[in-house]
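Please examine the sequence and the model displayed below.

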Amino acid sequence: MDIITLKNVKKYFGSDPRMVRAVDGVNLTIEKGRFTAVIGSSGSGKTTLLNLIGGLYRPTEGTVIVDGIDLSSLDEDHLTVFRRRKVGFIFQEYNLVPDLTVRENILFPLALDNSRADMAFFGRLTELLGLERYLDSFPHMLSGGAQQCTAIARALMTRPAIVLADEPTGSFDAKTSQNVAGLLKLTAETFHQSLIMITHNLELAQLADRVIRLEDGRMVSDGR
């Protein structure tokens, strides 16, 4: 079963003669519950593609369908709710709230949605990510790896159908990168989520079920 479908999706910025064709006619389907890696050189359109799937950008042309929802049918308010409930975002910069503890950061998306936290799930998630002893700590007290694990837990706490990770290991050494990517894969498998990860690291990409390469906004290879 496909959870993501892109039909002739284009995303252009600016106007001629300086128009940037960040994504230029991508057709793509992604199966539910699979780990997909997206690779390509800088400026190839990887982050733009991820933002289109996550509803952060609207396409210039084409259709983006996520978990049965045509994103073009949603107004901004409903798109915000869709992102909060359906998509977990993991960024290279962590984007943790500095004045909140690890516990509060992880639960923050649920608070925004006025949803009750499943504390049994919270315990399982923080144990899997090795965060139990950091729950009352603030982000500045943590190592980079622990901050990223907090960001992963926050993204997964709402049990989103899709997890989008944009260079989540970009600032780590090789060993930490492998550990974080392995944790992402493990948590996605454990909680039956679809994971799409952008990476420049070809070794990390090999952890995925499928590797898609973009260049100049177009898909140039698709390996399963």
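The model is a predicted one. A pair of aromatic rings is described by the distance of the centres and the angle of the planes. Phe-13 has a relative accessibility of 32% and counts as partly exposed. Tyr-57, at 30% relative accessibility, also counts as partly exposed.

Another aromatic pair is formed by Phe-121 and Phe-191; it is edge-to-face, with 4.9 Å from centre to centre and 70° between the planes. Phe-121 lies in helix α4 (residues 119–128) and Phe-191 in the loop between α6 (174–190) and β8 (194–198), so parts that are 70 residues apart in sequence are tied together. Phe-121 counts as buried because its relative accessibility is 5%, below the 20% limit for that class. Phe-191 is buried as well, with a relative accessible area of 13%.

Charged side chains also lie over rings. Lys-11 is placed over the face of Tyr-57, 5.6 Å from the ring centre. The charged end of Arg-21 sits over the ring of Tyr-12, at 5.2 Å from its centre.

Attention now turns to helix packing. Helix α5 (residues 144–157) packs with α6 at an angle of about 15°, and the axes are 11 Å apart. This makes α5 roughly parallel to α6, because angles under 35 degrees count as such. The crossing of α5 and α6 is right-handed. On the α5 side, Gln-148, Cys-149, Ile-152 and Leu-156 take part in the contact, and they meet Val-180, Leu-183, Leu-184 and Thr-187 of α6.

With a relative accessibility of 4%, Phe-122 counts as buried. Leaving aside residues up to four places away in sequence, Phe-122 touches Arg-103, Ile-106, Leu-107, Leu-135 and Met-157. Gly-170 is 48 residues from Phe-122 along the chain, and the C-alpha atoms of these two residues are separated by 26 Å.

How values were computed: Residues are numbered from 1 along each chain as its sequence is written. This is a predicted model: local features need pLDDT of at least 70, side-chain atom pairs count only at pLDDT 80 or more; totals for chains, interfaces and linings use all residues. Side-chain values use heavy atoms; hydrogens and water are left out. Buried means under 20% relative accessible area, exposed over 50%, partly exposed in between (1.4 Å probe, protein chains only). Rings of Phe, Tyr and Trp (its six-membered ring) pair if their centres lie within 6.5 Å; planes under 30 degrees apart count as stacked, over 60 as edge-to-face and the rest as tilted. Helices (H or I, at least four residues) and strands (E, at least two) are DSSP runs, numbered from the N terminus. A charge sits over a ring if NZ of Lys or CZ of Arg is within 6 Å of the ring centre and within 35 degrees of the ring normal. Axes are lines fitted to C-alpha atoms, for helices over the stretch in contact, and angles run from 0 to 180 degrees between N-to-C directions. Angles under 35 degrees count as roughly parallel, over 145 as roughly antiparallel, 65 to 115 as roughly perpendicular and the rest as oblique. A crossing is left-handed if the near helix is turned anticlockwise from the far one by less than a right angle, and right-handed if clockwise. Contact means heavy atoms within 4.5 Å.
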